[in-house]
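Please look over the sequence and the model below before reading on.

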Amino acid sequence: MCGIFGAVAREGDVSGALLEGLRRLEYRGYDSAGLAVVTTRGDLEVRRAEGRLAALAARLRESSFGGSASVGIGHTRWATHGAPVERNAHPHRDCGGELVVVHNGIIENYLDLRRDLAARGHRFASETDTEVLAHLVEENLKAGAGGPADAGALARAVHVSLAGVRGAYALVVLSRSHPHTLVAARADVPLCLGLARDATYCASDVPAFLDRTREVIFLHNGEVAEITAGGYALRRLEGERVERAPTRIDWDAAAVERGGYPHFMLKEIHEQPDVLAAAAFDRLDEARGDVRFEDPLFDDDERWRKVSRIDLVACGSALHAGFVGRFYFERLARLPAQADFASEYRYRAPLPADGALFLAISQSGETADTLGAAREAARRGLPVAAIVNAVGSTLWREAHGVVGTHAGPEVGVAATKTFLAQLVALYLLAIRAGRARGALTVEQGRSRIHDLRALRAHLGALLEGQTRAAIARIAEREKDAKGFLFLGRGLQYPIALEGALKLKEISYLHAEGYPAGEMKHGPIALVEKALPVVALATSSPLLEKTFTNMQEVRARGGKLIAICSRGEAAASEVADEVLEVPAVPEDLAPLVNVIPLQLLAYEIARLRGCDIDMPRNLAKSVTVE
Ligand code: BG6
């Protein structure tokens, strides 16, 4: 996720507003940042810097723009394609340095576009997908053909360029030869306009300009805005005009950085349908029933066929994802897999097996225990692969092959959307391994891909439905419980662990996740009314067994909350409370079932007045042993 911002003013200099706007968007990404303006002397000037926004501000102090500028664009980057170094920082230029683009999202067909543009003589300066947009607009601006007749030349060039682009984007274009105009476009990634008396702004999110105007136009998917100081023209990508009344935003600035949510964690829980799309959808190859990764290491069928075992190693929530991933590799690729705590693995001196692949999972890519385990594995001669969210992090750089999770920055200390993104990455890798090893046919691969695409709507329905209200009622009743027991079998056992961890992390209540079948060997002694038991009882071949375990709890006076698949009527006979979730294929149930548990932890923590985004004693990434 990145932050983009643009401003066109009637007069005066916009560079200060741009920098301030980017600062308000920095929560969206902070690998690198950049600004571009067209000065009153008619020069297009760009300043970019690696790292936090402060580095860009320092760069601007060292080398200020050569004059006042009333139009400009800016960008804070959360890298997805290309390391977070200056050459990949936005804004990106065309060949002649006549125009620049800032972009948030993923251009799925950028490799094809880049190849075609290079064949027509375009020269590229970065590894990003974004840069193809600058060259496309350059080409269509020069050609002058097509686009809405009532639009200006720059807007027409953008309309024509985007007709051939597939993917998700929010983008803004600035051209030296059109110094009083910006052109912005949106497809699946947020973008809005701020309408002030003396200027018009466009940004990824409202905080960027909320101190200057509260009148906002939210672009819808497939719309293009032609922006001038005096206002804007909104059109469908196909050309017809769109009229939309501005929305007045009454949030305070801090609340708006959380998108109107009271906590980043709740915002990130609700981002999960989009995170699923960002983590998966540009890697799916329906035709071949397969998955394609940016890193060639994973596309090598021969290597997959030689893998004898996968060692999944991580910490915290990332390890719970690894426990699910173990099932995925065994079920989809018939590949033996084991999952272990990084802090244990690195000192257990695991017996190296020929053909073993080490797979680290880490949101931050900086967790000391996970880095230590990866280095120990490499020392023992194992190839080291990694699933990482933070591009350019230590693990990202040290691993022999990386799968980025593209979840964007996660501000809440307790992992939510990045956990879901890790599950997606593991599912994709297992499909890839299964297809490479012949354990999955084309048809089976296509079916898995279809299930994954269909999942986004299920996650959205779950988050927009009545689940949260039902969970809030449970939270109200149980907020002072003695603790919680979470039970699950098979793929649901790691989710029981994750549900317990979430509750511990942010509400400080004791909680334990346990295999449902194992609960009778000990933890059942804990069962009493004051200790609610949450059972993961969604559709699965093990459901009957889980029901039996639920009966065992009920028989001892326990209080049972069951997470069940919609329409699973039997659950209501064995549970005090049933929370229904969409029925999905068993292998994808972990991605659905974790959501009510995240919300339960959130609601209880909220009622207990805990610091949800920054819980006591925790850190977003523990870089010490
Ligand atoms: C903990 C975080 O400190 O580290 C957890 O609070 C996280 O949310 C764990 O799962 C591992 O972190 P990472 O960055 O390696 O996934």
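## Helix α17

Helix α17, residues 492-507, has 16 residues and reaches 22 Å from its first C-alpha to its last, close to the 22 Å expected at 1.5 Å a residue (the expected span being 1.5 Å times one less than the number of residues). Helices (H or I, at least four residues) and strands (E, at least two) are DSSP runs numbered from the N terminus. The model is a predicted one, in which local features need pLDDT of at least 70 and side-chain atom pairs count only at pLDDT 80 or more, while totals for chains, interfaces and linings use all residues. Residues are numbered from 1 along each chain as its sequence is written, and side-chain values use heavy atoms, with hydrogens and water left out.

Of the 16 residues in α17, 14 are buried, and the helix is thus mostly covered; buried means under 20% relative accessible area, exposed over 50%, and partly exposed in between, with a 1.4 Å probe and protein chains only. Just after α17, Y508 takes a positive phi of about 65°.

## The five-stranded sheet

Five strands form an open sheet in the order β24-β23-β25-β26-β27, with parallel pairing (two strands pair if DSSP finds at least two bridges between them). Because β24 (511-515) and β27 (577-581) stand at the edges with a single partner strand each, one side of each is left without a neighbour in the sheet. From one strand to the next, the twist averages 20°.

Strand β25 (residues 533-537) runs parallel to strand β26 (residues 560-565), and five bridges join them; L536 has I563 in β26 as its bridge partner. Helix α17 packs on this sheet, where it touches β23 (484-488), β24 and β25, and its direction makes about 175° with that of β24. Axes are lines fitted to C-alpha atoms, for helices over the stretch in contact, and angles run from 0 to 180 degrees between N-to-C directions; contact means heavy atoms within 4.5 Å.

## Helices α8 and α15

Helix α8 (residues 272-280) packs against helix α15 (residues 442-464) at an angle of about 165°, and their axes are 8 Å apart. That angle makes α8 roughly antiparallel to α15, a term used for angles over 145 degrees. Among the residues that meet here are L276 and A277 in α8, and L455 and L459 in α15.

## Arginine 283

R283 lies in the loop between α8 and β16 (284-285) and is buried, with a relative accessible area of 1%. Leaving aside neighbours within four places in sequence, R283 is in contact with residues including D290, E294, H406 and L428.

Methods. Parallel < 35°, antiparallel > 145°, perpendicular 65-115°, else oblique.
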